[in-house]
Amino acid sequence: MEKIKKMPQSKKNLIEYFSMEITVLCRVVDNFGDIGVVFRLCRALSELKKNLEIRLVVSNLDSFAKISKGIDSAKSFQEFHGWKIFDWNDNELCKKEFSRNPPEFILECFQCGRPEWLEEILFFPQFNLNVQIVNIEYLTAESWADDFHLLKSGTRSAKIKKINFMPGFTKKTGGLILDKNFMCCLSEKKYALNLAKQNLDKKILSEDFSASFKIFVFSYPKNFDFLASAIKEFSLLKKVLVFIAPGAGSDSAKNSLEKFSVDFILLPFMQQEVWDAFLSLMDFSFVRGEDSFSRCCLLGNPFVWNIYPQEDEFHIVKLDAFLKRIKIPQIEKFSFLYNRNFKASCCLESLEILKEKKLPSEIEEINLEMKNEILSLLKNSEKLKPEFKKFSNEILKNGNLAENLLSFLETKIPR
């Protein structure tokens with residue numbers, strides 16, 4: 001490692017002090033949420049450390065290409081943003097590259113594991129490597145995140161060290177990623193609007209755009225009749241624009257809105273930077289996926305979260321932890337109704353939570369409750385906004401996950 005003679009004192013200078021190479025692993029599971037977080041993390045790391053070398057290994061380049069111009073999904077190797085991008089599945093190419101230049105720091109994102117070709121390199125005696133692996137975990141509001149953060153984990157070799165790094169909502173976690181483009185969208189509405197106008201069709205940002213109440217729908221598949229009915233009634237009070245993001249739930253949202261004769265706009269796939277700008281301009285959002293969920297938490301605009309469904313409804317436990325963290329009672333009942341699969345069996349932990357909520361059990365009553373709840377949220381969104389903004393400000397105080405991560409890695413560089 002190249003060192004300079006005088007040790008800088010500030011945290012920012014310390015981050016820039018040493019050159020560093022990081023290998024980032026991303027196995028894409030949830031279409032865009034995984035690669036969305038990883039892409040954002042790599043950008044934030046590069047913004048903080050100009051002499052950082054990143055090798056990004058991705059299992060699904062098609063998903064990456066959809067959120068970022070410049071990625072060629074047909075290439076097993078390419079350079080992009082100054083990074084080296086590798087196709088996880090090209091064993092021969094990757095083994096050759098990483099054998100010639102073994103990794104020193106590895107980010108395993110979302111418990112993605114390591115490809116076989118990398119396992120062979122890490123634990124092959126001939127290399128005798130000293131490697132620091134960091135498991136970047138999923139975002140959760142559960143209290144165990146505080147204890148799990150920076151907790152060591154074992155590997156097959158004493159020289160291959162592994163530690164868990166938790167994004168989160170408290171000072172005891174790593175915080176959330178605060179990349180420059182997103183922070184500009186957060187602080188400057190004019191910047192966000194200009195970025196959206198430069199990259200999106202005029203039909204999307206029509207003359208009515210700024211004066212309308214903008215609803216954003218990015219969800220898992222479900223019957224959206226409750227929402228369509230609520231929007232139809234809400235549109236009697238003010239001009240409404242409804243935007244449906246591409247993804248697994250777009251068809252079900254589209255079908256319900258058409259059924260109730262509610263106009264909507266189908267959005268194209270966007271670059272992540274444009275997505276941030278567009279999302280920041282919404283008045284009320286329905287979001288899913290780790291990356292979009294974390295952005296909405298930071299934006300301070302009213303939203304509800306469609307959490308990734310888990311077996312035996314265990315996601316209700318995670319939802320409850322978030323609702324207790326955000327502390328906005330008005331969204332609680334709808335959030336449980338929206339995320340409950342009433343046909344599925346429920347684990348004991350979720351049943352304990354749901355007992356207190358006294359949710360209806362008949363389909364007609366459920367749909368009516370959901371319609372009434374979301375209609376109330378739409379009507380009172382302006383009153384709710386300060387509460388969401390308060391939550392956003394609290395999270396921002398925890399700092400930038402990318403900066404916190406680099407500060408940790410700096411302590412592991414041989415001096």
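A disulfide is a pair of cysteine sulfur atoms within 2.5 Å. The model is predicted: local features need pLDDT of at least 70, side-chain atom pairs count only at pLDDT 80 or more, and totals for chains, interfaces and linings use all residues. Residues are numbered from 1 along each chain as its sequence is written, and side-chain values use heavy atoms, leaving out hydrogens and water.

View 1. Cysteine 26 has a relative accessible area of 0%. That makes cysteine 26 buried (under 20% relative accessible area; exposed is over 50%, partly exposed in between; 1.4 Å probe, protein chains only).

**View 2. Cysteine 185 and cysteine 184.** Cysteine 185 is in none: its nearest cysteine sulfur belongs to cysteine 184, 7.0 Å away. Cysteine 185 is buried too, at 3% relative accessibility.

**View 3. Helices H13 and H15.** Helices are DSSP runs (H or I, at least four residues), numbered from the N terminus. H13 spans residues 315-326 and H15 residues 348-355. Their axes come within 8 Å and cross at roughly 45°. Axes are lines fitted to C-alpha atoms over the stretch in contact, with angles from 0 to 180 degrees between N-to-C directions.

**View 4. The contact of H13 with H15.** H13 supplies Ile316, Val317 and Asp320; H15 supplies Glu349, Ser350, Ile353 and Leu354. Contact means heavy atoms within 4.5 Å.

Note on methods: Helix = DSSP H or I, 4+ residues; strand = E, 2+ residues; numbered from the N terminus.
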